[in-house]
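Please look over the sequence and the structure shown below, and then read on for a report that begins with a single residue and moves on to how parts of the chain pack together.

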Amino acid sequence: MPMAPAYKRILLKVSGEALSGDQQFGIQPEFLDGVARQIADVARTGIEMAIVTGGGNIFRGMAVAANGGDRVTADMMGTLGTVINALALAGALTNAGVKAKVFSATTMPSVADTYTARAAKAALEDGYVVVLGGGIGNPFFTTDTAAALRGIELECDVVLKGTNVDGVYSADPKKDPTATRYDQISHDDVIKQNLRVMDTAAFALARDNNLPIIVYALDDKEGLSGVLAGRVRSTRIGEPL
């Protein structure tokens with residue numbers, strides 16, 4: 001595996017499932033604290049970190065819409081779940097000994113600062129881990145798309161997404177034992193092959209702005225610091241190193 005570059009600023013997508021652990025719903029403290037420790041370890045090295053939280057452990061708007069509910073309302077309910085996760089993660093990061101600041105794309109000033117790229121960049125430069133809830137503040141866009149968009153706005157070097165497998169495969173490796181794992185693949189090829197580790201809008205945004213994405217296994221014992229150092233099996237989406 002090529003040596004990883006020295007990243008100065010990264011964006012990490014943390015799914016709701018990563019915080020729910022082996023529960024079907026909610027936040028499991030052990031998993032929340034484990035994610036926070038990995039992030040804190042990296043933040044202490046001087047790397048600036050922004051985090052976009054998902055909300056699937058709290059509420060899934062698309063599931064409600066599929067059963068006949070109003071999609072706009074359901075999606076906005078889902079954004080509230082992402083803010084709950086952002087607040088929980090920021091609290092865990094503070095307990096782990098690093099400064100964290102929560103921003104929300106959905107205005108709720110009594111809970112979190114309202115997101116602007118200018119304010120979030122300033123917080124990053126001041127040494128805060130920036131936790132971004134509320135998606136992009138609009139329905140019909142996933143938090144994967146929010147991760148790509150915030151990565152571009154905040155001028156991050158890379159977006160990282162942890163999943164339940166160690167990279168991007170040609171098919172679901174849990175269903176197809178012949179699936180091929182990619183060490184590197186272009187944004188265009190991911191879109192053409194409909195490899196849905198993130199949604200198409202996220203890949204298109206990243207492609208058009210030359211933003212690489214690294215997909216890795218959340219449960220790798222080396223953790224996030226191992227991914228950044230190039231010690232963990234992963235897939236780089238974008239131009240090769």
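In this predicted model, Asp-166 is placed in the loop between β6 (158-163) and β7 (168-169). Its relative accessible area is 19%, and because buried means under 20%, Asp-166 counts as buried.

| Side chain | Partner side chain | Polar contact |
|---|---|---|
| Asp-166 | Tyr-169 | 2.6 Å |
| Asp-166 | Arg-233 | 2.8 Å |

If residues up to four places away in sequence are left aside, Asp-166 touches Arg-181, Val-215, Tyr-216, Ala-217, Arg-233 and Ser-234.

We turn next to the nonpolar residues. In soluble globular proteins, nonpolar side chains tend to be buried together. The largest nonpolar core here has 35 residues, and Ile-39, Met-49, Leu-89 and Leu-160 are those with the most contacts inside it. Helix α2 (residues 29-43) gives the most to this core, contributing seven residues. Apart from this core lies another, of 31 residues, which includes Leu-124, Leu-195, Met-198 and Ala-202.

Where they meet, Leu-32, Asp-33, Val-35, Ala-36, Ile-39 and Ala-40 in α2 face Ala-88, Leu-89, Ala-92 and Leu-93 in α4 as contacts. Leu-89, not counting residues up to four places away in sequence, touches Val-14, Leu-32, Val-35, Ala-36, Ile-39, Ile-51, Thr-53 and Val-131.

Notes: Residues are numbered from 1 along each chain as its sequence is written. This is a predicted model: local features need pLDDT of at least 70, side-chain atom pairs count only at pLDDT 80 or more; totals for chains, interfaces and linings use all residues. Side-chain values use heavy atoms; hydrogens and water are left out. Helices (H or I, at least four residues) and strands (E, at least two) are DSSP runs, numbered from the N terminus. Buried means under 20% relative accessible area, exposed over 50%, partly exposed in between (1.4 Å probe, protein chains only). A polar contact is a pair of N or O atoms within 3.5 Å; within protein, one must be able to donate a hydrogen and the other to accept it, and residues adjacent in sequence count only if both atoms are side-chain atoms. Contact means heavy atoms within 4.5 Å. A nonpolar core is a set of buried Ala, Val, Leu, Ile, Met, Phe, Trp, Tyr and Cys residues joined through side-chain atoms within 4.5 Å.
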